[in-house]
Amino acid sequence: MSKEALFGKTLSELQNLVAEYNLPKFTARQIADWLYKKDVDSIDEMSNLSKKARFVLNEHYELGLTLSTKVQASVDGTKKYLFPAGKLKFIEAAYIPDESRKTLCVSSQVGCKMGCLFCMTGKQGFQANLTAGEIVNQVRSLPEKDALTNIVYMGMGEPFDNLEEVLKSLEIFTAEWGFGWSPKRITVSTIGIIPAIKRFLVESQCHLAISLHSPFEEERKKLMPVENVYSLPEVIETIRNFDFGRQRRISFEYIMFKGINDKSRHVKELARLLNGIRCRINLIRFHPIPNTPLEGSDSKTMEEFMMALNAKDIRTTIRASRGEDIFAACGLLSTKELAKKS
Amino acid sequence: MWNDENSRLKEYRILANDEIAPGVFLLKYERDFSFVAGQVVALAMQPNDTPRMYSIASGTGDTDIWILYDIRPHGQLTPNLSQLKKGDSIFASPPSGNFYGSALPSVWIASGTGIAPFVSMWRSGLCKDKTLIHGGRFLHSFYFENEFKDALGSNYIRCCSQQSGEGVYHGRLTRWLQEKPDMPADRKYYLCGSAEMVVDTRDILIGKNIPYDSILAEIYF
């Protein structure tokens, strides 16, 4: 039987653990230090722990790190790492270098329940939630870990459908006893699960991105079934009622679909909907997936759309497409075929 | 002021909580609000628990609220929910969501307890010009079977993946859809069930030239 993983435990969980085995209280911080700052590969390497502590830990726990089993490299420098996540389950993480900015796009679930029409991950259905350890491991086991400048929760899965583990992973990334990252270097993206947005905004300081894709409810619900449960006006109202302060950023993701959400009426409605919210819109090129009825807007339309929004004082950028040749670009992550072969 | 999601929960008295099939329950609690067929409520055992969303299964004319649910062995709510008896309390939110039923000719497609919003639509008088395709693993998975047989006749299709039965297609509902040569393109398609069923069904329908914007889906999460 496999042992429980130490990696992914928060300080308070480690404090409970040491109390359970009658180890000195300070042992919890020592373990956290070895796990998240010193990058040890075994419990035996935790050399300032007592022999008793190491024995107890080895008896009941394993470190819980998982190395990637495959890496694909794009011509543009993007790399896609494959990690096993339990029996016959796999996740992908995309490393995206861009001059001085090195971003890792992490997954939060194996598959996804949200069923968005434009997303490849959604087509594989839902297999499992990742643990905080499995989320943090994507950073810890990345060969480029020390070069990373940013983490975005925009890989496989809906982070706010796995809120507890995502919040724990954010705590590990940002706490002084953990990786000690600034929350301003981390962005969590959601399709708009309102109760989870509220908790996230209170319990974390990280940036928030919301997948918008249409400012009209009737259009959005045909692209994103979640609209039937949490409507866009309610999502925007939730955002509007929260004080983001000067440091925290809210952004909206907007994949552009030819003839569907790229008209001037969309610009007008976006301006009305987001009026008064200090935010940014990221326009994203659509990467076609099999059997999709959707097409991406052309570059000229995207540029005109961006300029029209900027003219309405909504800061808007077009996100560069990265890793398309290795299916690492936005909306293309999927391990369905791999799971089938296994 | 930051509103807590749980502040929307209100205590209601349970009127019944019957096991209508192995592991599947129909919960009934008192009603003091209006709703539209297809809407959901959030339920919790205690006011500070994290609530879970469920489709309302009762009709807009019913005097109480019905919730159809199955026990998820590792679920946070349903194992405890199934233990509740008449007279106990449950905490529920006001109705929300906009997976609304309509009087237009439509095809309803559901798997398992995903039938709940369509039960509500049927009980709310929206059965005219409707076809219901229901997928289940066992013959006992076709909840409200007799009522739908009466209401829809040959427009009620049951697809059972693990058992054979009279008048029941033996196989998944996605296979039934794939084998059907054509599906009417002038109808609205309402899908409710697991993410996998919804995305597979949507792909099949789009492959049969149903416009994507005629397909409306509700997912469980």
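Analyst: Happy to! A word on terms before the counts: helices are DSSP runs of H or I with at least four residues, and strands are runs of E with at least two, numbered from the N terminus. On that basis, chain B of this predicted model holds 5 helices and 12 strands. Its radius of gyration is 17 Å, close to the 17 Å that the globule rule gives for 221 residues, so chain B is as compact as a globular protein of that length. The C-alpha trace of chain B spans about 50 × 40 × 30 Å along its principal axes. Of the 221 residues in chain B, 43% are buried. Among contacts in chain B with a separation of 6 or more, 68% join residues 24 or more positions apart.

Now to the sheet itself, which belongs to chain A. The sheet is open and is built from 10 strands with mixed pairing, in the order β3-β4-β5-β6-β9-β10-β11-β12-β13-β14. At its edges sit β3 (70-73) and β14 (315-319) of chain A, each of which pairs on one side only. From one strand to the next, the twist averages 20 degrees.

Zooming in further, let's follow one pair within that order. Strand β5 of chain A covers residues 90-98, strand β6 of chain A covers residues 101-105, and the two pair in the antiparallel sense over 5 bridges. For a landmark to find on screen, look at A:Ala94, which stands opposite A:Cys105 in β6(A).

Conventions: Residues are numbered from 1 along each chain as its sequence is written. Chains are lettered from A and ligands numbered from 1 in the order in which they are written. This is a predicted model: local features need pLDDT of at least 70, side-chain atom pairs count only at pLDDT 80 or more; totals for chains, interfaces and linings use all residues. The radius of gyration is taken over C-alpha atoms; the globule rule is 2.2 Å times the number of residues to the power 0.38. A residue is buried if 20 or more other C-beta atoms lie within 10 Å of its own, exposed if 12 or fewer, and partly exposed in between; C-beta atoms are placed from the backbone. Two residues are in contact if their C-beta atoms, placed from the backbone, lie within 7 Å. Two strands pair if DSSP finds at least two bridges between them. Axes are lines fitted to C-alpha atoms, for helices over the stretch in contact, and angles run from 0 to 180 degrees between N-to-C directions.
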